[in-house]
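Hi,

Here is the structure I promised to pass on to you. Please have a look at it first, and then read on for what turned up.

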Amino acid sequence: MTNTIQGQLVCPNEPVAIVVSRFNDLITGRLVDGAVGTIERHGGNREKVDVVHVPGSFEIPLAAKALAESGRYKAVICVGAVIQGSTTHHEYINSQVAAGIMSITQNTGVPVTFGVITCESMEQALDRAGGKVGNKGEEATLAAIEMMNLLPRIR
Ligand code: INI
């Protein structure tokens, strides 16, 4: 017999922050809608959600760090959209945002989840912002809800 330890998908009635980039806001607005809708569908309350806007995905980690360190939020959900252009600019943004978010979540112990779409075209981004491949904001929110429930069980 093993003991299963896992987090339920029930959103606690606790403060949660969403960090969203304004860059590609056609996409990122849909990711926020997906995130807030997921919180409500899983029993949470939108009045407990603070949505923090930053210029681009590169700025997401700094805001996420301040939010996680504030001690006010049970989770921080990061959403953005980095769409490949004609240069390698996107590669620098992607690697730094992913590494930044990983480092913040590990250093603070607060679930900080990665809802940043990284893709080649606007079409692919739309597919991942409520289109045929789902909604990355929903995915990152489900991960945050699960981790908010899991961590107290481990600690
Ligand atoms: N920011 C994004 O969120 N997505 C992008 O696709 C993007 N591109 O392609 O340039 C982008 N650039 C802005 C960047 O995140 C910073 O805001 C900017 O470099 C200032 O620090």
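How many of the residues of strand E1 (residues 16–21) are buried? Six of its six residues are buried, so E1 is mostly covered, where buried means under 20% relative accessible area, exposed over 50%, and partly exposed in between (1.4 Å probe, protein chains only). Helices (H or I, at least four residues) and strands (E, at least two) are DSSP runs, numbered from the N terminus.

Before the rest, a word on the basis. This is a predicted model, in which local features need pLDDT of at least 70 and side-chain atom pairs count only at pLDDT 80 or more, while totals for chains, interfaces and linings use all residues. Residues are numbered from 1 along each chain as its sequence is written, and side-chain values use heavy atoms, with hydrogens and water left out.

Back to the strand. In a regular strand the side chains alternate between the two faces of the sheet. In E1, Val16, Ile18 and Val20 lie on one side and Ala17, Val19 and Ser21 on the other, and both faces are covered.

With strand E2 (residues 49–54), E1 pairs in the parallel sense over six bridges; two strands pair if DSSP finds at least two bridges between them. Within this pairing, Ile18 stands opposite Val51, and Val19 has Val52 as its bridge partner. Strand E3 (residues 75–83) also runs parallel to E1, joined to it by five bridges, and here Ala17 stands opposite Val76.

E3 in turn pairs with strand E4 in the parallel sense, over eight bridges, with Val79 opposite Gly115. E4 is mostly covered as well, with six of its eight residues buried.

E1, helix H1 (residues 25–41) and E2 form a right-handed one, and E3, helix H3 (residues 89–108) and E4 form another that is right-handed. A crossover is right-handed if, with the strands pointing away from the viewer, the path from the first strand over the helix to the second runs clockwise.

Now to the inside. The largest nonpolar core has 23 residues, and Ile18, Ile27, Ile77, Val79 and Ile117 are those with the most contacts inside it. At least two residues of this core come from each of E1, H1, E3, strand E4 (112–119) and helix H5 (136–154). H1 gives the largest share, six residues. Such a core is a set of buried Ala, Val, Leu, Ile, Met, Phe, Trp, Tyr and Cys residues joined through side-chain atoms within 4.5 Å.

Most residues other than glycine have a negative phi. Asn24, in the loop between E1 and H1, has a positive phi of about 60° although it is not a glycine. Ser57 sits in the loop between E2 and helix H2 (60–70), and counts as buried because its relative accessibility is 5%. Thr4, in the segment before E1, is exposed because its relative accessible area is 61%. Ala125 belongs to helix H4 (residues 122–127) and is buried, with a relative accessible area of 0%. From C-alpha to C-alpha, Ala125 and Asn45 are 27 Å apart in space and 80 residues apart in sequence.
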